[in-house]
Amino acid sequence: MEVGQAIAALWLFWVVSWIVAAFWADPVQKRATIVAEARYRVFWLAGTVLLFVPAHGYQGRLRLWTPTLAEAWICVAVIAVGIGFAWWARIHLGRLWSATVTAKAGHRVVDTGPYRLVRHPIYTGLLLAVLATMAAKGTVWGIAGTALLIIGVVIKAKLEERFLRDELGPAYDDYAKRVPMLVPFTPA
């Protein structure tokens, strides 16, 4: 298997498994508005398209670096670690997970497992995988896509923060004071 195929296989695995797992969630009790969610979705769509512009064999001005074979395989390993971290968080959150910004019946602060390291570990894992994908590609398109995805993730994380503070009150405020939002081992 080549590096590009391995990267594509990892991302395809994540997309398909994530869609299948979406059926394993409790019903939504309350949801953020479509308008509020549209802001981050635009960044996610544009970022994803740019990040996955094919780079195989491209040697033009828009390729900024070409990783060695060893560096590229390290990127593949980091992508797998990022996706694995996101899955750990998804499994740990269980039926409280949702693809959109929602509250479920019996929603509560989850502060164990990966949620003791960061408040949004799914995003942390996916951002790690996105950054490794960008590093493996070495193109302007990869950098632009990554930048848009980071912006989209921050917008969604902040939307979730406001939503969860409104829904969970002081319990979420206390959690936010103890645990960083996206980057483990940084000040909260």
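Is His120 buried or exposed at 4% relative accessibility?

1. Basis of the note. The model is predicted, so local features need pLDDT of at least 70 and side-chain atom pairs count only at pLDDT 80 or more, while totals for chains, interfaces and linings use all residues. Residues are numbered from 1 along each chain as its sequence is written, and side-chain values use heavy atoms, with hydrogens and water left out.

2. His120. With a relative accessibility of 4%, His120 counts as buried; buried means under 20% relative accessible area, exposed over 50%, and partly exposed in between (1.4 Å probe, protein chains only). His120 is placed in the loop between β2 and α4. Neighbours within four places in sequence aside, the contacts of His120 are Ala157, Glu160, Glu161, Tyr172, Met181 and Leu182, where contact means heavy atoms within 4.5 Å.

3. Arg119. The loop between β2 (102-104) and α4 (121-137) also holds Arg119. Arg119 has 10% relative accessibility and therefore counts as buried. Its side chain makes a polar contact with the side chain of Glu161 at 3.0 Å. A polar contact is a pair of N or O atoms within 3.5 Å; within protein, one must be able to donate a hydrogen and the other to accept it, and residues adjacent in sequence count only if both atoms are side-chain atoms. Apart from neighbours within four places in sequence, Arg119 touches Glu161, Tyr172, Tyr175, Ala176, Val179, Pro180 and Met181.

4. Helices α5 and α6. The axes of α5 (residues 140-168) and α6 come within 6 Å and cross at roughly 135°. Axes are lines fitted to C-alpha atoms, for helices over the stretch in contact, and angles run from 0 to 180 degrees between N-to-C directions. The two helices are therefore oblique to each other; angles under 35 degrees count as roughly parallel, over 145 as roughly antiparallel, 65 to 115 as roughly perpendicular and the rest as oblique. On the α5 side, Glu161, Leu164, Arg165 and Leu168 meet Pro170, Ala171, Tyr172, Asp173 and Ala176 of α6. This contact comprises 6 nonpolar, no polar and 3 charged residues (Ala, Val, Leu, Ile, Met, Phe, Trp, Tyr, Cys and Pro count as nonpolar, Asp, Glu, Lys and Arg as charged, and the others, Gly among them, as polar).

5. Helices α1 and α3. The axes of α1 (residues 3-21) and α3 (residues 69-93) come within 9 Å, crossing at roughly 10°, which makes α1 roughly parallel to α3. The residues of this contact divide into 18 nonpolar, 1 polar and 1 charged. Among them are Trp11, Trp14 and Trp18 in α1, and Trp73, Trp87 and Arg90 in α3.

6. Phe185. In the segment after α6 (170-178) lies Phe185. Phi of Phe185 is near 65°, a positive value in a residue other than glycine. Phe185 counts as exposed because its relative accessibility is 75%.

7. Overall fold. The protein chain contains 6 helices and 2 strands, being DSSP runs (helices H or I, at least four residues; strands E, at least two) numbered from the N terminus. Their order along the sequence is α-β-α-α-β-α-α-α. The radius of gyration is 17 Å, close to the 16 Å that the globule rule gives for 188 residues, so the chain is as compact as a globular protein of that length. That radius is taken over C-alpha atoms, and the rule is 2.2 Å times the number of residues to the power 0.38. Of the 188 residues, 45% count as buried.
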